[in-house]
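Here is a short briefing to read alongside the model.

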Amino acid sequence: MAAGALWPVLVLVSLCPLVWGNPSFTIDYEKDCFLKDGKCFRYISGSIHYSRIPSSYWKDRLLKMYMTGLNAVQIYVPWNFHEPQPGVYNFRGDHDLEQFLNLTMELGLLVIMRPGPYICAEWDMGGLPAWLLNKKDIGLRTSDPDYLKAVDSWLSVLLPKLRPRLYNNGGNIISVQVENEYGSFHACDYGYMRHLHAMFRLYLGDEVVLFTTDGNADYFLKCGTLQDLYATVDFGPVDNVTKAFEAMRRYQPRGPLVNSEYYTGWLDYWGDKHAETPADRVSQGLQAILESGASVNMYMFEGGSNFGYWNGADFPKVYKPITTSYDYDAPLTEAGDPTDKLLAIRSVISKFQPVPEGPVPPPTRKFAYGLVTLNKVGDLVDLLDILSPTNPFVTQFPITFEDAKQYFGFMLYRTRLLGDVPDQTPLAATVNGIHDRGYVSVNGHFYGVLERDSLKVVNVTGKEGQWLDVLVENMGRINYGNDLNDFKGLIGNLTLGPDLLENWVIYSLNLDGPISQGWPHTMDNHILGIPVIESRTGPAIYSGTFTITDIGDTYLKLPKWTKGQVWINGFNLGRYWPVKGPQVTLYVPGTILSTSQINNITLLELETAPEKPLVMFLDKPILNGTNVGK
Ligand SMILES: *[C@@H]1O[C@H](CO)[C@@H](O)[C@H](O)[C@H]1NC(C)=O
Ligand SMILES: *[C@@H]1O[C@H](CO)[C@@H](O)[C@H](O)[C@H]1NC(C)=O
Ligand SMILES: *[C@@H]1O[C@H](CO)[C@@H](O)[C@H](O)[C@H]1NC(C)=O
Ligand SMILES: *[C@@H]1O[C@H](CO)[C@@H](O)[C@H](O)[C@H]1NC(C)=O
Ligand SMILES: *[C@@H]1O[C@H](CO)[C@@H](O)[C@H](O)[C@H]1NC(C)=O
Ligand SMILES: *[C@@H]1O[C@H](CO)[C@@H](O)[C@H](O)[C@H]1NC(C)=O
């Protein structure tokens, strides 16, 4: 049996090279094309982020991309998704990069890898681990030796996994991007880029095509490109194709034209209008690119979701966090469903190369499971035994999340009032002192929100000895621009009236631990012995249950809830903020639901819960809500 089963494998391994010659992927600088096994080749690719899709759906999404007529997919590797603590790696389950790559191979898709170490991607800190900030003045994306040491250590783990998968080694990875839009970063540190180049060559060999991607203007390309790295550009449907490729040609005179990020849509910020790009504009732009003979990657082809705390933020002038949905108005929706845009793209592709026969797989089933009533479990400050089992930090002045080595989520900062505060008195943050939102209560009474770049004062009253509580939320680290060193928490002092507040008791909060273990559903309030205060304001936990008979995807709507975080069956679906919009519903992948067990839903509402604490499941998303909060 064993010997028989081994035979076909041995035959393939020994005969393939003899019959077909060694696989090769290179660049022909005479004919201005990629050479795949000696023949001119162009890729039509789409970006997909495995970190934004539950692993059980990876194959479904990849198959739909294949059926659209793509011959490649482009992939970012988020470093912070895989190395949560220095030297601690996670490649399991939804983090199983190798399983994802295996699926691309099985489906006959080529892969364009973008291993960073910085990736932008509207992902927390552009994929850099927040623990890099343990060195306060670290020079991210530069030759700072401490930064390079961490980078080298990560690349020594990641790149060897890719090497056997390179096309030249019999795998399906045709090219590898070094860094990401480095020319958009102020440092312009060629030494850093040269160092990365050397590391990529060390681990991946001399043959693989290494490339860079930058905006299509000289001021980006100037600092982003490097000799021996193939220079490519990115641009969207509104840009002039000829002009964009002329910019590329000034830095890459020969070789294939490449648009590494052709924008099919755009990201959303909380409080802004939902971004949409019409299908006909996307397909016309794609046609123009393909007519020019270029290779192209569509960004995004499948956006997915910023589950948990993974969203990033931009900082144009003020801090702007990105929504939980990363639907991106892409050809495949957040739920992986084909759109008219996908069909328009497929029809354009079919003019240039054959697309697979047969229909694109249909949308997955969606269910409107209806209403679920929630109950208040308790105010967050009454649940610290469970949510913060370790001793709090006791410090004179506030410390940051990074000081506490808690990189995501929430921390509670509290101090006792030293005297009575009978009149409304301003609790004030320094300019830019709150990263990113602080929910203020005194003695359990909620007074309001301090917010980065906007709300710097909340008036409070209280009595001597009462706790003044500020629950601080990390809303996602800046992923683009020059402000990547984005520390979280109270990064400045607070004053109450004329007084500088001192003697803080600071709790690291771990909500995901207990909730992923089944809390609060595993215990009831009587056992906990917590008197539930029936106030509707201030940070509090709510929970509920529901049963279903069919499993499919669904969308969670939170009518009249204000802002918070939500979990279903221990899976952190992400942030909700319907009063801000434009995202009103959260995508719930059917793969986290159960028909055999009761399903559990847990909310951390940070501000105000509705009179009737209901949530509902719809069969359609609402991503374009109006901004009723403003
Ligand atoms: C990927 O495929 C290879 C070859 O079939 C197999 O040995 C390996 O176990 C697979 N890895 C994962 C994570 O599925
Ligand atoms: C696009 O750019 C090219 C080259 O810069 C220019 O000649 C052409 O007029 C532009 N087309 C449009 C529609 O602006
Ligand atoms: C806060 O209280 C001060 C008086 O201490 C008052 O002048 C101010 O208007 C109050 N602000 C708000 C937002 O209520
Ligand atoms: C708070 O103020 C004290 C005293 O002025 C100062 O030493 C400390 O650095 C400040 N802390 C922060 C986080 O700004
Ligand atoms: C929901 O919580 C209950 C009580 O802890 C548990 O028995 C059940 O397995 C949970 N349901 C799911 C789908 O995890
Ligand atoms: C949101 O999109 C839906 C579906 O496309 C549309 O019917 C609705 O008018 C849009 N709402 C707003 C506020 O733009």
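How do the residues of the shell around ligand 5 divide into nonpolar, polar and charged? They divide into 1 nonpolar, 6 polar and no charged, where Ala, Val, Leu, Ile, Met, Phe, Trp, Tyr, Cys and Pro count as nonpolar, Asp, Glu, Lys and Arg as charged, and the others, Gly among them, as polar.

This is a predicted model, in which local features need pLDDT of at least 70, side-chain atom pairs count only at pLDDT 80 or more, and totals for chains, interfaces and linings use all residues. Residues are numbered from 1 along each chain as its sequence is written, chains are lettered from A and ligands numbered from 1 in the order in which they are written, and side-chain values use heavy atoms, with hydrogens and water left out.

**Confidence**

- The protein chain has an average pLDDT of 94, and 95% of the residues score at least 70; pLDDT is the predictor's confidence in each residue, from 0 to 100.
- Residues 1–19 have a pLDDT below 50, and this stretch has 4 contacts in the model beyond near neighbours in sequence (contact means heavy atoms within 4.5 Å).
- Among the elements of the protein chain, helix α1 (residues 2–20) has the lowest mean pLDDT, 38, while strand β4 (residues 44–48) has the highest, 99. Helices (H or I, at least four residues) and strands (E, at least two) are DSSP runs, numbered from the N terminus.
- Where pLDDT is low, the predicted coordinates should not be read in detail.

**Ligand 5**

- Around ligand 5 are H521, T522, N569, S594, Q597, I598 and N600, each with a heavy atom within 4 Å of the ligand.
- Two side chains make polar contacts (pairs of N or O atoms within 3.5 Å; within protein, one must be able to donate a hydrogen and the other to accept it, and residues adjacent in sequence count only if both atoms are side-chain atoms): Q597 has a side-chain N or O atom 2.3 Å from an oxygen atom of ligand 5, and N600 has a polar side-chain atom 2.2 Å from an oxygen atom of ligand 5.
- I598 uses its backbone instead, with an N or O atom 2.7 Å from a nitrogen atom of ligand 5.
- The protein buries 63% of the 360 Å² that ligand 5 exposes when taken alone; accessible areas come from the Shrake-Rupley method with a 1.4 Å probe, and for residues only the protein chains shown count as cover.

**Ligand 2**

- N240, K243 and E246 surround ligand 2.
- N240 places a polar side-chain atom 2.3 Å from an oxygen atom of ligand 2, and a side-chain N or O atom of E246 is 3.4 Å from an oxygen atom of ligand 2.
- On its own ligand 2 has 360 Å² of accessible area, of which the protein covers 31%.

**Backbone geometry**

- Most residues other than glycine have a negative phi, and most peptide bonds are trans.
- The peptide bond from Y299 to M300 is cis, with omega near -10 degrees, and M300 is in strand β11 (residues 295–302).
- Another cis peptide bond runs from H435 to D436, with omega near 10 degrees; D436 is in the loop between β19 (434–435) and β20 (437–442).
- D228, not a glycine, has a positive phi of about 80 degrees, and D228 is exposed at a relative accessible area of 58% (buried means under 20%, exposed over 50%, partly exposed in between, with a 1.4 Å probe and protein chains only).
- Y328, also not a glycine, has a positive phi of about 70 degrees, but Y328 is buried at 4% relative accessibility.
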